[in-house]
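Hi,

Here is the structure I promised to pass on. Have a look at it first, and my notes on what turned up follow below.

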Amino acid sequence: MRNRLREERLARGWSQGDLAERADASRQTINAIEADKYDPSLPLAYRLAALFELPVERLFFNPFVTGSGD
């Protein structure tokens, strides 16, 4: 799974620590998700999407599906 987490976070001027605190996660978890080394749990994915006011499908996407991640 790929994601737009870093782009959305930076667009808001948030550090990884800021996002982690808002999402009730660790900074290390945010770092691993952004690096595509860890896929978040479904509840965490929905919390993150809600923080960015995006549908979860816009924040996280399947790189093998044509047109995903546009």
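**What I found**

Helices here are DSSP runs of H or I with at least four residues, strands are runs of E with at least two, and both are numbered from the N terminus.

Before going further, a word on the source: this is a predicted model, so local features need pLDDT of at least 70, side-chain atom pairs count only at pLDDT 80 or more, and totals for chains, interfaces and linings use all residues. Residues are numbered from 1 along each chain as its sequence is written, and side-chain values use heavy atoms, with hydrogens and water left out.

Helix α4 covers residues 42-51, and L44, A45, L48 and A49 are buried in it. By buried I mean under 20% relative accessible area, by exposed over 50%, and by partly exposed anything in between (1.4 Å probe, protein chains only). Which residues are exposed on the other side of α4? Those are L42, P43 and A50.

Back to the buried set: L44, A45, L48 and A49 are buried. They cover an arc of only 135° around the axis, which puts them on the same side of α4; the arc is that of the directions from the helix axis to the C-beta atoms. As for what they meet, the buried residues of α4 pack against α1, α2 (16-23), α3 (27-34), α5 (56-59) and β2 (60-61). Contact means heavy atoms within 4.5 Å.

L48 is the one to click on in helix α4. Its relative accessibility is 0%, so L48 counts as buried. Leaving out residues up to four places away in sequence, L48 touches L5, L19, A23, I30, I33, L59 and F60. L48 and A25 sit 23 residues apart in sequence, with their C-alpha atoms 9.8 Å apart in space.

**The core**

The largest nonpolar core has 15 residues, and L5, L19, L48, L59 and F60 touch the most other members. The elements that give two or more residues to this core are α2, α3, α4 and α5, and α4 provides the largest share, 4 residues. For the record, a nonpolar core is a set of buried Ala, Val, Leu, Ile, Met, Phe, Trp, Tyr and Cys residues joined through side-chain atoms within 4.5 Å. In soluble globular proteins, nonpolar side chains tend to be buried together.

L5 is worth a look too: apart from neighbours within four places in sequence, L5 is in contact with L19, I30, I33, E34, L48, F52 and L59.

**Salt bridges**

How many salt bridges does the structure hold? There are 4, taking a salt bridge as a side-chain nitrogen of Lys or Arg within 4 Å of a carboxyl oxygen of Asp or Glu.

One of them joins the side chains of R6 and E34, at 3.4 Å from N to O. R6 lies in helix α1 and E34 in helix α3, so this pair ties together parts that are 28 residues apart in sequence. R6 counts as partly exposed at 37% relative accessibility, while E34 counts as buried at 6%.

R9 also forms a salt bridge with E34, with the closest N and O atoms 2.5 Å apart. R9 is in helix α1 and E34 in helix α3, so here the parts tied together are 25 residues apart in sequence. R9 is buried, with a relative accessible area of 7%. Salt bridges that share partners join R6, R9 and E34 into one network.

Then there is the pair of E8 and R12, whose side chains meet in a salt bridge at 2.8 Å, N to O. E8 lies in helix α1 (residues 5-11). E8 is buried, with a relative accessible area of 18%, whereas R12 is partly exposed at 33%. Setting aside neighbours within four places in sequence, E8 is in contact with F52, L54 and L59.

R22 lies over the face of W14, at 4.1 Å from the ring centre; a charge counts as over a ring if NZ of Lys or CZ of Arg is within 6 Å of the ring centre and within 35 degrees of the ring normal.

S41 is placed in the loop between α3 and α4, and S41 counts as partly exposed at 36% relative accessibility. S41 and R58 are 17 residues apart in sequence and 16 Å apart in space, C-alpha to C-alpha.

Cheers
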